[in-house]
Amino acid sequence: MGFHFKQVLTPLGWVENLSAEITDLGNFGSVTEDENPKGFQIIENPVVPGMVNLHSHSFQYAMAGLSECRRNPVDSFWSWREMMYYFAHNVSPEDLQAITAKLYMELLKGGYTETVEFHYLHNDMDGRFYANPAELSASIFNAAHATGMGLTHLPVFYAFSNFGGQSPTESQRRFINTREQYARLIDALKASLPSEGTTTLGIAPHSLRAVDEDSLQWLLALRQDKLPGCPVHIHVAEQTKEVADSQAHNGMRPVTALMAQAPVDENWCLIHATHLDDSEVSAIAKSGATVGLCPLTESNLGDGIFPAVDYLGQDGHFGIGSDSNISTDPRQELRMLEYSQRLIRRERNVLCSAPLPNTGAFLWSNAAQGGARAAGKNCGAIETGLEANFIELPHDTQGAMACVSPEAALDFHIFSGQSRGLGDVYVKGKKTIENGHHPDEDKINKAYFRSLRRLSENLIV
Ligand SMILES: [Zn+2]
């Protein structure tokens with residue numbers, strides 16, 4: 001079995017006439033430029049690798065659009081967080097599964113074929129531990145399985161409310177773990193990993209606010225013992241208040257403090273890393289870590305703008321995440337990323353390169369590969385040995401795209417085709433979205449709207 005792509009985006013740029021064999025495990029076998037001598041199924045539309053979503057909090061999808069009304073003299077991240085806590089307190093395991101399945105289905109339709117779930121909901125609504133520490137993680141596993149989304153699951157360790165080991169607040173009761181309970185959670189997750197091989201585990205210290213240095217050292221030792229070499233993700237330097245609090249605590253900016261406390265390497269992903277000085281930009285690039293950018297959520301929350309030009313100029317790796325899930329479309333994230341750089345630099349076509357001068361192609365290809373590194377998965381490009389995750393880009397040469405060359409198809413989709421749907425989406429060689437629909441769409445929608453109605457009953461916005 002295999003496919004013959006007429007036009008396909010590879011890490012080296014657009015290539016014509018590529019034949020790709022699909023193995024029994026759903027990976028690309030041999031990938032060769034030829035005239036399709038084996039008679040594989042021909043795909044006429046331009047094809048791009050499936051995008052990796054390297055940062056998601058799935059339950060927040062249910063509150064998308066509900067915090068866009070000013071209730072304070074100055075609204076901020078911290079007032080948004082109050083709305084987020086309402087949902088965090090009221091989501092049952094059944095709700096979480098329904099919301100996550102709906103989200104993952106929409107992310108698949110948007111072109112994401114792998115999601116990294118930064119999962120910090122662990123406890124029952126009253127803060128008590130569930131009998132099964134992986135009760136809420138199971139909801140995420142089930143949703144990924146039901147939709148066909150590739151998953152890297154990151155159970156979050158969350159112990160404190162701010163720098164200096166400040167006690168957690170009542171509103172953080174569902175997030176908090178003891179060290180013993182977290183170790184039990186890792187054991188339970190390892191024992192319950194689905195057998196089909198599309199799910200991977202990693203760990204996530206929530207932030208330097210929520211995990212002090214002693215806890216971080218303990219967590220890294222636990223990783224060495226139970227999940228050696230697994231991905232490690234952490235929120236860092238998202239907000240200027242966080243930078244100020246860190247400096248007040250130990251005299252260091254958050255990224256500088258993280259680098260001093262942990263052996264950050266290519267297995268690490270620094271989520272946001274928005275507020276950096278020059279030495280921190282260089283330190284991250286040199287470490288080999290990936291920066292996890294969430295351009296729409298960072299814009300929505302008023303976080304700030306990542307110094308992408310300086311960072312990419314030092315060969316830094318990046319990927320994109322849907323984070324609060326206000327958007328399920330990677331094209332919108334990439335557009336926001338490029339536009340933020342254009343606005344501060346007053347230039348055009350900022351994030352591209354000599355080998356990939358098309359901005360859309362550069363952003364998509366590098367974000368997919370960076371996301372795969374962060375996810376700890378063999379995916380993110382159309383290459384021998386990687387997961388066969390890819391997407392067709394509709395290219396209607398009779399309509400709005402009449403003047404668009406296949407090489408510019410991604411530019412059109414990202415910067416011009418505002419409401420243009422994607423084509424069919426393949427995960428591990430199987431068609432998961434066909435003509436914009438998932439085979440279990442009705443069932444997934446019904447369960448989601450049932451949960452949403454229940455959650456909305458006591459919510460006035
Ligand atoms: Zn986050």
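Here are legends for a set of close-up views of this predicted protein model.

Residue numbers start at 1 along each chain, following the sequence as it is written. Because this is a predicted model, local features need pLDDT of at least 70 and side-chain atom pairs count only at pLDDT 80 or more, while totals for chains, interfaces and linings use all residues.

**View 1. Where domain 1 meets domain 2.** The chain is split into domain 1 (2-48 + 388-435) and domain 2 (50-375), with bounds that come from an automatic or database domain assignment. Their C-alpha centres are 29 Å apart. At the meeting point, 22 residues of domain 1 are in contact with 22 residues of domain 2; "in contact" is used when C-beta atoms, placed from the backbone, lie within 7 Å. On the domain 1 side, β2 (13-22), β15 (390-392), α13 (409-415), β16 (425-427) and β17 (430-433) each supply at least two residues. Helix α13 gives the most, with 5 residues. (Helices, H or I with at least four residues, and strands, E with at least two, are DSSP runs numbered from the N terminus.) What kinds of residue make up this side of domain 1? There are 15 nonpolar, 4 polar and 3 charged ones. Here nonpolar covers Ala, Val, Leu, Ile, Met, Phe, Trp, Tyr, Cys and Pro, charged covers Asp, Glu, Lys and Arg, and polar covers the others, Gly among them.

**View 2. The hairpin of β16 and β17.** These two strands run antiparallel and are joined by 3 bridges; strands are said to pair if DSSP finds at least two bridges between them. V427 stands opposite K430 in β17. The hairpin has 2 residues between its strands, and K428 takes a positive phi near 50°. Keep this in mind as background: most residues other than glycine have a negative phi.

**View 3. N17 in strand β2.** Here's another positive phi in a residue other than glycine: N17 has a value near 55°. Is N17 buried or partly exposed? N17 is partly exposed, because 15 other C-beta atoms lie within 10 Å. The cut-offs work like this: 20 or more other C-beta atoms within 10 Å of a residue's own makes it buried, 12 or fewer makes it exposed, and anything in between is partly exposed, with C-beta atoms placed from the backbone.

**View 4. Strand β12 and its two parallel partners.** Strand β11 (residues 232-236) pairs with β12 in the parallel sense over 5 bridges, and H233 has C269 in β12 as its bridge partner. Strand β13 (residues 290-293) also pairs with β12 in the parallel sense, over 3 bridges, and there I271 stands opposite G292. Why is β12 described as largely enclosed by the rest of the structure? Because 5 of its 5 residues are buried. H272 belongs to this strand and has a positive phi of about 80° although it is not a glycine. H272 is buried, with 27 other C-beta atoms within 10 Å.

**View 5. Inside the largest nonpolar core.** A nonpolar core is a set of buried Ala, Val, Leu, Ile, Met, Phe, Trp, Tyr and Cys residues joined through C-beta atoms within 7 Å. Zoom in on F59 and, leaving out residues up to four places away in sequence, you'll find F87, A88, V91, L96, I99 and L121 touching it.

**View 6. Helices α11 and α12.** Helix α11 (residues 330-345) has 16 residues and reaches 23 Å from its first C-alpha to its last, close to the 22 Å expected. The expected span is 1.5 Å times one less than the number of residues. Among the buried residues of α11 are L334, M336 and L337. Helix α12 (residues 359-375) has 17 residues and reaches 24 Å, close to the 24 Å expected. Since 17 of its 17 residues are buried, α12 is largely enclosed by the rest of the structure. Just after α12, G376 takes a positive phi of about 70°.

**View 7. Y61 in the loop between β6 (51-56) and α1 (77-90).** Y61 is buried, with 23 other C-beta atoms within 10 Å. Setting aside neighbours within four places in sequence, Y61 is in contact with I99, K102, L103 and N325.

Definitions and conventions:
Contact = placed C-beta atoms within 7 Å.
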